[in-house]
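The following briefing is meant to be read beside the sequence and the coordinates. It moves from the chain as a whole to single helices and then to one residue.

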Amino acid sequence: MTQTDFSALDSVEDLQSLLSQQHYLADRSLATALLLALKMQRPLLLEGEAGVGKTELAKVLSLALGRKLIRLQCYEGLDVGSAVYEWNYARQMIEIRLAEAAGEVNRQA
């Protein structure tokens, strides 16, 4: 998987073009939100009913940028603090060490 340098995306139209190469048509407001999230290096939290395309957008964007997709399955009662900011450090370190041992971690990235 080749990574695309998203810093080369200079406009909303550039991002729309990149997504269209993956057969995904994003309207201007969605492409604007995506571009701002990329440029600001911040997550974009999407919410909506099941089946509206949240996961598909994430899949297409990860393919277009050549990045790994990390998907968070949300459930009733999960708040942004628990989902984004709190994490079990010990568990994360174990997962990282296991991935390293399996050769799944690229320390150069």
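Among contacts in the chain between residues at least 6 apart in sequence, those that join residues at least 24 apart make up 49%. The model is predicted, and its secondary structure comes to 5 helices and 0 strands, which follow one another along the sequence in the pattern α-α-α-α-α.

**Confidence**

- The pLDDT of the chain averages 82, and 84% of the residues score at least 70.
- Among the elements of the chain, H1 has the highest mean pLDDT, at 94, whereas helix H4, formed by residues 80-85, has the lowest, at 72.
- Where pLDDT is low, the predicted coordinates should not be read in detail.

**Surface and burial of the chain**

- The chain has 109 residues, of which 21% count as buried.
- Its accessible surface comes to about 8700 Å², and 52% of that surface belongs to carbon and sulfur atoms.

**Helix H1**

- Helix H1 runs over residues 12-20, and its residues Val12, Leu15, Leu18 and Leu19 are buried.
- These four lie on the same side of H1, because the arc that they cover around the axis is only 120 degrees.
- The packing partners of the buried residues of H1 are helix H2, which spans 28-40, and H3.

**Helix H3**

- The 12 residues of H3 should span 16 Å at 1.5 Å a residue, and the end C-alpha atoms of the helix, being 17 Å apart, agree with that expectation.
- Buried residues in H3 are Leu57, Val60, Leu61, Ser62, Ala64 and Leu65, and what covers them includes H1 and H2.
- After H3 comes Gly66, a residue whose phi is positive, near 65 degrees.

**Ser62**

- Ser62 has its place in helix H3, which is made up of residues 54-65.
- Ser62 counts as buried because its relative accessibility is 12%, where the cut-off for buried is under 20%.
- When residues up to four places away in sequence are not counted, Ser62 touches Arg67, Lys68 and Leu69.

Technical notes:
Residues numbered from 1 in each chain as written. Predicted model: local features only at pLDDT ≥ 70, side-chain atom pairs only at ≥ 80, totals over all residues. Heavy atoms only, no water. Helix = DSSP H or I, 4+ residues; strand = E, 2+ residues; numbered from the N terminus. Buried < 20%, exposed > 50% of the residue type's maximum accessible area, 1.4 Å probe, protein only. Contact = heavy atoms within 4.5 Å. Arc of directions from axis to C-beta. pLDDT = per-residue confidence, 0-100. Expected span 1.5 Å × (residues − 1). Areas by Shrake-Rupley, 256 points an atom, 1.4 Å probe, with all protein chains shown as cover.
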